Amino acid sequence: MMKKIEENILYETITPRKSNTHKGDYGKILLIGGNLNFGGALIMSAEGALGAGAGLICAATHSINVASLHARDPEIMYVDWRDEQNLSKLIPQMDVIVCGMGMGIDAGAKKILQLVKATVTNNQIVVLDASALDIIATDTSVIAHQAKKIIITPHQIEWQRLSNIRVQYQNDSANQTALNGLFPQKNCILVLKSNKTKIYDQFGNILENPLGNPGMATGGCGDTLSGIIGGICGQFGGELNAVASAVYLHSLAGDIIYRKNYIVRPTAISALLPQLLKKYEYNNNDVERQ
Ligand SMILES: NC(=O)C1=CN([C@@H]2O[C@H](COP(=O)(O)OP(=O)(O)OC[C@H]3O[C@@H](n4cnc5c(N)ncnc54)[C@H](OP(=O)(O)O)[C@@H]3O)[C@@H](O)[C@H]2O)[C@@H](O)CC1
Ligand SMILES: Nc1ncnc2c1ncn2[C@@H]1O[C@H](COP(=O)(O)OP(=O)(O)O)[C@@H](O)[C@H]1O
Ligand SMILES: [Mg+2]
């Protein structure tokens, strides 16, 4: 069944924070990506997760990126992505692993996906974006099927590579069939990004994002979304409505920026998120709403 995502989903998903809580209650997120050439992708994803409220964020990236990452966002921890020992200890401690932004598709990147597959547990959420999806498109054996939930966030060309469905033939029924073929465990949510992003689970639900604008056609907007999904799922779980809330929130921020700006910088989306989350923390019908 196809439904348009409505604003109400934000009131339903986002809840006020309780006093008796700490950073560990709001999601430990590991972001993996950012090679020598695409460090920005990892940084933008990290800012998405940070703006979306992740409790703790660690970036596994090429060591060249650490100074620029920390200059922008000292909140983010760092681990060298070639340090396999450290990474394999770290991965099982996380709530969400977001992988692929600017990661590249070389042998080292593939090795990282194999490490994720070897160490992820069945109570963790894995978000796969960009290069991670391109690697999987050439070798599905690196998918960590045992994860509790796998959220994939391809744009149309990445989905074409992964599903073998050409963009013009990417209709709901073909997309669902391909998704079920790739993820027989039925633990995947597909976020198929375009100007009208659609979200599919494996139980027949399809949600369409009504928001977004062409100002968001700026490199890094998708990297930012993967971090936002990680941050939101780290706090509110990896179910369909939480993922849809993240997609909606990303576009809502983009639309607010676009009202007064010709283009939308991905980092501006992330910067706007804390105040948007605040707006939606109390339920619509909640008498205690402040
Ligand atoms: N600052 C950074 O560090 C950044 C780093 N990045 C990292 O770069 C890596 C490669 O990712 P990628 O997405 O740039 O390349 P790819 O997967 O080849 O797809 C692009 C090709 O598809 C086409 N295209 C057609 N329709 C499309 C659609 N609806 N949506 C999107 N594309 C569409 C388009 O066609 P064109 O018009 O250019 O012919 C183009 O040829 C990856 O690791 C990523 O994380 C980026 O995130 C950017 C910021
Ligand atoms: N014309 C548009 N209208 C609405 N949303 C758009 C438009 N162009 C891009 N976006 C959004 O921006 C993001 C682009 O993702 P992606 O192609 O992965 O970018 P990148 O890899 O450069 O970060 C998606 O969330 C997509 O929905
Ligand atoms: Mg992308």
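Ala41 sits in helix H2, which spans residues 39-51; helices here are DSSP runs of H or I with at least four residues, strands are E runs of at least two, and both are numbered from the N terminus. The model is predicted, so local features need pLDDT of at least 70 and side-chain atom pairs count only at pLDDT 80 or more, while totals for chains, interfaces and linings use all residues. Residues are numbered from 1 along each chain as its sequence is written, and chains are lettered from A and ligands numbered from 1 in the order in which they are written.

Ala41 counts as buried because it has 31 C-beta neighbours inside 10 Å; the cut-off for buried is 20 or more other C-beta atoms within 10 Å, for exposed 12 or fewer, with partly exposed in between, and C-beta atoms are placed from the backbone. Setting aside residues up to four places away in sequence, Ala41 touches Gly33, Gly34, Met101, Gly102, Ala130, Gly220 and Asp223, where contact means C-beta atoms within 7 Å.

The unreviewed UniProt entry marks Ala41, Gly102, His155 and Asp223 as "binding site"; such annotations may be inferred rather than shown by experiment. His155 lies in the loop between strand S7 (149-152) and helix H7 (156-163). With 18 other C-beta atoms within 10 Å, His155 is partly exposed. Beyond four places in sequence, its contacts are Lys193, Ser194 and Gly222.

His155 is also among the nearest of the 17 residues around ligand 2, together with Asn195, Gly212, Cys221 and Gly222; a residue belongs there if its C-beta atom lies within 6 Å. Helix H9 (residues 221-236) contributes most to this shell, with four residues.

Technical notes:
Contact = placed C-beta atoms within 7 Å.
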